[in-house]
Amino acid sequence: RGVCSVSVGEQTLLASASDDGTVRLWDVTTGQHERSLEGHTDWVRGVCSVSVGEQTLLASASDDWTVRLWDPVTGHHERILRGHLSRVCGVCSLSVGGRTLLASACSDGTVQLWDPATGHHERSLEGHTGSVGGVCSLSVGGRTLLASASIDKTVRLWDPATGDLVPAWNGIIGRLRQLRHLHSDRVRGVCAVSVGEQTLLASASDDGTVRLWNPATGRHERTLGGHTSPVRGVCGMLVGGRTLLASAGDDGTVRLWDPATGQHERTLRGHVGWVTGVCAVSISGRTLVASAGEDRTVRLWDPATSEPILTVPLHYSALSISSEGAALAVGITTGLINIELLEAIADKAQ
């Protein structure tokens, strides 16, 4: 369901979340399975690393209504965070006033904030009227803010220090802007993207659009329309010194956009089913686009030309994708696959 990297000393591990209720850890370099983290009693939907003092822990979000914290070195279960009233859909870490907090998104319509060092519940962020599927942190004017994406068709921006909606997103003007430019279907994901010296917030929706917002003012900047089916994910990347935004759609395409203008740059076609995830990967100083598909493939693209570079067939549908160096971690229905791209591309050339 989700993957993330976690540093353990000089070793980088990949953590994968699974429907079997486990989190598994893998060595990025060798692909070796290191250990399984067992304790959840239902699907695990998301994972993230979180710093606690000088220690790095791993947080997991589950349908069993809990977030669990683990020591990735030993696999030891550190603590359970209880308080959600339904399944937990995602987690992310953020720094607030010099402290590290953990945010968890829940289908009960709330976002909960926790102190991962103690397991203490800090506060509840309430306002969504439907399941919250994703959260991300972003920095605006030196402040750390938290964005949440919901099935209620909205993106909300919070001040995690107080638990309040950011004023620009909560006042009369903010509400009018939101109502005028609301997504017309569920919002699946959000991410921050840098445009010059400005940070924008991108939201992906089942209404087939990506929308860009100014988090400092709550202003809707532009709508990126072109997908003919739900958009499952977005990510920003630097290509030739320019920032581009990539979106993954159920229409089988990945689309690239200029977030500064809203201009559609190009469409990457080749998948024959839903594109479930997209990320940037750097190979020998070159930025490429990697996409994961329901069609049981991972595809690699040149964002400058739209040309396909590599197609990796899988035995299972790909559910998520992330990069670590020149490698890809792909979450599949039965676990995790690590793809060493330098080797794969070299094999293709022979």
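Predicted model: local features only at pLDDT ≥ 70, side-chain atom pairs only at ≥ 80, totals over all residues.
Which residue in E26 does cysteine 279 stand opposite? Cysteine 279 faces alanine 290 there.

If pairing is new to you, strands of a sheet pair through backbone hydrogen bonds, in either a parallel or an antiparallel way. E25 and E26 belong to an open sheet of four strands, in the order E25-E26-E27-E28, and the pairing is antiparallel. At the edges sit E25 and E28, each of which pairs on one side only. As you go from one strand to the next, the twist averages 20 degrees.

Next, the nonpolar cores. The largest one has 19 residues, and the members that touch the most others are Val281, Val298, Leu300, Ile321, Leu328, Val330 and Leu341.

Now let me take you to a single residue, histidine 183. You'll find histidine 183 in the loop that connects helix H1 (172–181) to strand E17 (187–195). Is histidine 183 buried or exposed? Histidine 183 counts as buried, because its relative accessibility is 3%, and the cut-off for buried is under 20%.

Who surrounds it? Setting aside neighbours within four places in sequence, histidine 183 is in contact with Lys153, Ser203, Ser205, Asp207, Thr209 and Arg211. The side chains of histidine 183 and serine 203 make a polar contact at 2.8 Å. With threonine 209, the histidine 183 side chain has a side-chain polar contact of 3.3 Å. For a sense of distance, leucine 102 is 81 residues away from histidine 183 along the chain, and their C-alpha atoms are 27 Å apart.

One last stop: threonine 22, which lies in strand E3, residues 22–27. Threonine 22 is buried too, because its relative accessible area is 8%. Beyond the neighbours within four places in sequence, threonine 22 is in contact with Ser16, Ala17, Leu37, Glu38 and Val44.

Key
Residues numbered from 1 in each chain as written. Heavy atoms only, no water. Core = buried A, V, L, I, M, F, W, Y, C linked by side-chain atoms within 4.5 Å. Buried < 20%, exposed > 50% of the residue type's maximum accessible area, 1.4 Å probe, protein only. Pairing = 2+ DSSP bridges. Helix = DSSP H or I, 4+ residues; strand = E, 2+ residues; numbered from the N terminus. Axes fitted to C-alpha atoms, helices over the stretch in contact; angles between N-to-C directions. Contact = heavy atoms within 4.5 Å. Polar contact = N/O pair within 3.5 Å; in protein donor to acceptor, adjacent residues only side chain to side chain.
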